[in-house]
Amino acid sequence: MSTFFPMNNGDAVYSYSRNSQIQREMLDGAKEMMKESIIKNLDIKNILSSSNKFHITDLGCSIGPNTFTSMQHVVQVVKDKYHDNNLEFQVFFNDHVTNDFNTLFRSLPVDRSYYASGVPGSFHGRLFPSRSIHFAHCSCAIHWLSKIPKELLDKNSPAWNKGLIHYAGASNVEIVNAYVVQFEKDMEMFFNARAEEIVQGGMMVLVSPFSGWDSLNFIGSSLMDLVNEGMLDESLVDSFNVPIYFPSPDDITKVVEKNGCFSIEKIELTYPQSKLVDEADAKTFIINLRATLEGLFINHFGSKIAEEAFTRTILKNEEISAWMKTNYKTCQLFIALKRK
């Protein structure tokens, strides 16, 4: 069974809708490559046949505003390529059933040039009828695992991740391997589902972070501070792991080749410009992480401890800023795929 990890909902001070600059910078960094991939590889005349309906989905869309930016970009690139005034666009916004779809649809741009629908459900399984999607997009989402690898929760396992909340910084290769195995299982389900849903000749673009998540260690150290002060039981930290794995080009190539239904048209690690990193804006960086991860922390530790952990992490902003200046370079993985 999949576990749901929704972003902070609504429009409050720590909401995802207000604090997703990291994800926005990733989208901006991938725009030109996505445009080039569509222009080079997408043949609408062949995949639409006699229809004028072009179906797009954003998998793991969250609550905006980034999803609207990316979907409008896809629509505009296709329009510019084909100059067909009769072409109609349907965008399916997908995320877990616990996603705040109310905020998402209240925020829909009034001047959008597409019809909008919501599709709740995990993208690790089927979401659409067979051969119904022409273009699938997924940014800042495939790195989320469907569940915590069970080995990390077993005190007798060599992958027991004592004192840490992620594989970043872990010296034990068994911990990393547990994440890799779960990622491969999840991606096998993901690609099997998309192979059924995407039409022959259709495309899928994936964008995933590849750096920066060593910052999770700062939140982990705040939790250990609470342990040392007697405010938190250490066993709760030992049993907590952030279900995120950052795939490499080899990881993606392996699962795509195993699936066999997609050709890799482009796969590349890129280093886009980041205002947050250039300015070493640690406070905004941590608030972005809070908007993304707070629900996960509340579910495990409770709201009081989660609040205290993130508050203490922000107070470490000088240390984090120094780390950003010396150790953090924005890196992301771009993948363009075509259905065989």
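Trainee: Where do F297 and F301 lie?
Mentor: This is a predicted model, and in it both residues sit in helix α10. F297 and F301 are 4 residues apart, about one turn of the helix.

Trainee: And how do I describe their rings?
Mentor: For a pair of aromatic rings, you give the distance of the centres and the angle of the planes. Here, the ring centres of F297 and F301 are 6.0 Å apart and the planes are at 35 degrees, so we call the pair tilted. Searching the whole structure turns up 20 aromatic pairs. Elsewhere, ring pairs join F68, F93, F101, F105 and Y114 into a cluster.

Trainee: Is F297 buried or exposed? What about F301, buried or exposed?
Mentor: F297 is buried, at a relative accessible area of 0%. F301 is buried too, with 9%. The cut-off for buried is under 20%.

Trainee: Okay, now the helices. What do I look at?
Mentor: Two packed helices are described by the angle between their axes and the distance between the axes. Take α10 (residues 282-301) and α11 (residues 303-314): the angle is about 160 degrees, and the axes are 9 Å apart. An angle over 145 counts as roughly antiparallel, so α10 and α11 are roughly antiparallel to each other. The crossing of α10 past α11 is right-handed.

Trainee: Which residues of α10 and α11 meet?
Mentor: On the α10 side they include I286, L293, F297 and F301, and on the α11 side I305, A306, F310 and I314 are among them. By class, this contact has 11 nonpolar, 3 polar and 4 charged residues.

Definitions and conventions
Residues numbered from 1 in each chain as written. Predicted model: local features only at pLDDT ≥ 70, side-chain atom pairs only at ≥ 80, totals over all residues. Heavy atoms only, no water. Axes fitted to C-alpha atoms, helices over the stretch in contact; angles between N-to-C directions. Helix = DSSP H or I, 4+ residues; strand = E, 2+ residues; numbered from the N terminus. Parallel < 35°, antiparallel > 145°, perpendicular 65-115°, else oblique. Left-handed = near helix turned anticlockwise from the far one by under 90°. Contact = heavy atoms within 4.5 Å. Nonpolar A, V, L, I, M, F, W, Y, C, P; charged D, E, K, R; others polar. Phe/Tyr/Trp six-rings, centres within 6.5 Å; stacked < 30°, edge-to-face > 60°. Buried < 20%, exposed > 50% of the residue type's maximum accessible area, 1.4 Å probe, protein only.
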